[in-house]
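Take a moment to turn the model around on your screen before reading on. We'll walk through it one piece at a time.

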Amino acid sequence: MAEPGVFLIHGLGGTQYDLGSMHKRLKNAGFVTHALTLPGHGTRPEDLSGVKMEAWLEAARAKYREIVGQHEVLHVMGMCMGALLALEVAKLERHAKGRLVALAPPVYIDGWATPWYRGLRPLLYRIPGLPERMKVTEEEPYGIKNEQLRTIVKAKFERGENFHYGWVPLACIREVDRLRAAVIRDLDQIACPTLVVHAREDELTSLRSAHFLVERIGSGKRAGQARMVVLEDSYHMVCVDNDREIVGKHVLEFSMPMPRAASA
């Protein structure tokens with residue numbers, strides 16, 4: 001029997017660093033992991049200019065179609081914007097070969113550290129040329145509650161290391177908003193068991209996002225197929241922050257049966 005697989009999708013401006021040690025954890029548990037670099041990522045922030053959410057979604061769907069036939073069991077997992085893409089892939093591809101894990105999904109961008117102009121975004125988008133010129137800068141706390149790790153991340157940004165973009169064009173936030181609007185539609189079409197992991201103190205997106213997804217996914221005949229884990233000692237980057245061991249534990253338990261862990 002082919003080993004079960006997991007398809008992992010990173011977030012906006014990010015890389016597989018967004019998912020911390022998740023690849024390693026899953027491989028050690030007997031899974032084959034698959035990933036992709038989303039269009040406009042892994043190079044420089046300027047390369048995100050002009051990239052539409054359809055390009056991210058089609059890249060994720062193309063990767064899914066490439067690997068889904070390789071496994072009898074395939075789980076889909078995403079972090080932040082990657083969680084939104086994972087939700088939409090599961091919906092549009094009618095994913096039924098495995099489970100779905102949404103880590104810190106920003107269905108609503110309403111966390112305690114979101115910019116003052118968050119409610120004005122639709123107006124800013126209409127100003128010709130502004131969305132492409134305006135930079136949305138990554139600032140403290142960088143999604144991380146752990147002060148020691150936050151210091152390390154800050155130093156990486158200052159050195160210009162390419163583990164995560166230091167800024168993205170406002171046009172990218174517009175595309176995330178478009179993706180959010182697509183995700184909230186027809187969530188009852190997601191047929192696979194779903195786990196939503198969300199920090200209570202997430203500075204980008206409040207628990208409202210997690211509650212919304214759990215209430216809507218599999219509603220009606222499949223009510224109860226989505227469940228939520230709330231983290232008490234992390235901010236947005238749940239895979240690398242203080243609760244990363246808890247996240248790993250719940251993801252692995254949710255992804256059972258695991259060929260090696262099950263016999264331990």
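Which helices and strands each supply at least two residues of the lining of the largest pocket? They are strand β5, helix α6 (147–159), strand β6 (167–169) and helix α7 (170–183). Keep in mind that you're looking at a predicted model.

So what does that pocket look like in numbers? It holds about 910 Å³ of space. There are 39 residues lining it, and the closest to its centre are Val-136, Thr-137, Glu-138, Glu-139 and Leu-204. Sort the lining by class and you get 25 nonpolar, 7 polar and 7 charged residues.

You'll find Thr-137 in strand β5, which covers residues 135–137. Buried or exposed, or something in between? Thr-137 has a relative accessibility of 46%, so it counts as partly exposed. If you skip residues up to four places away in sequence, Thr-137 touches Gly-166 and Trp-167. Now try finding Val-76: that residue is 61 places from Thr-137 along the chain, and their C-alpha atoms are separated by 29 Å.

Next, hop over to Glu-54, which sits in helix α2 (residues 53–68). Glu-54 is partly exposed too, with a relative accessible area of 39%. Which residues does Glu-54 contact, leaving aside its neighbours within four places in sequence? The answer is Glu-175 and Arg-178. Glu-54 and Arg-178 are 124 residues apart along the chain, yet their C-alpha atoms are separated by 9.4 Å.

What about the cysteines? The count comes to 0 disulfides. Cys-80 is in no disulfide, and the nearest cysteine sulfur, in Cys-239, is 11 Å away.

Finally, how confident is the predictor? The mean pLDDT of the protein is 91, and 93% of its residues reach 70 or more. Residues 258–264 are another story, with a pLDDT below 50. This stretch does have 13 contacts in the model beyond near neighbours in sequence. Still, where pLDDT is low, the predicted coordinates should not be read in detail.

Conventions
Residues numbered from 1 in each chain as written. Predicted model: local features only at pLDDT ≥ 70, side-chain atom pairs only at ≥ 80, totals over all residues. Heavy atoms only, no water. Disulfide = S-S within 2.5 Å. Helix = DSSP H or I, 4+ residues; strand = E, 2+ residues; numbered from the N terminus. Buried < 20%, exposed > 50% of the residue type's maximum accessible area, 1.4 Å probe, protein only. Contact = heavy atoms within 4.5 Å. 1 Å grid on protein atoms, 1.4 Å probe; cavity = no way out; pocket = protein on both sides within 12 Å on 5 of 7 lines; lining within 4 Å. Points joined across faces, edges and corners; volume = space filled by probe spheres on them. Nonpolar A, V, L, I, M, F, W, Y, C, P; charged D, E, K, R; others polar. pLDDT = per-residue confidence, 0-100.
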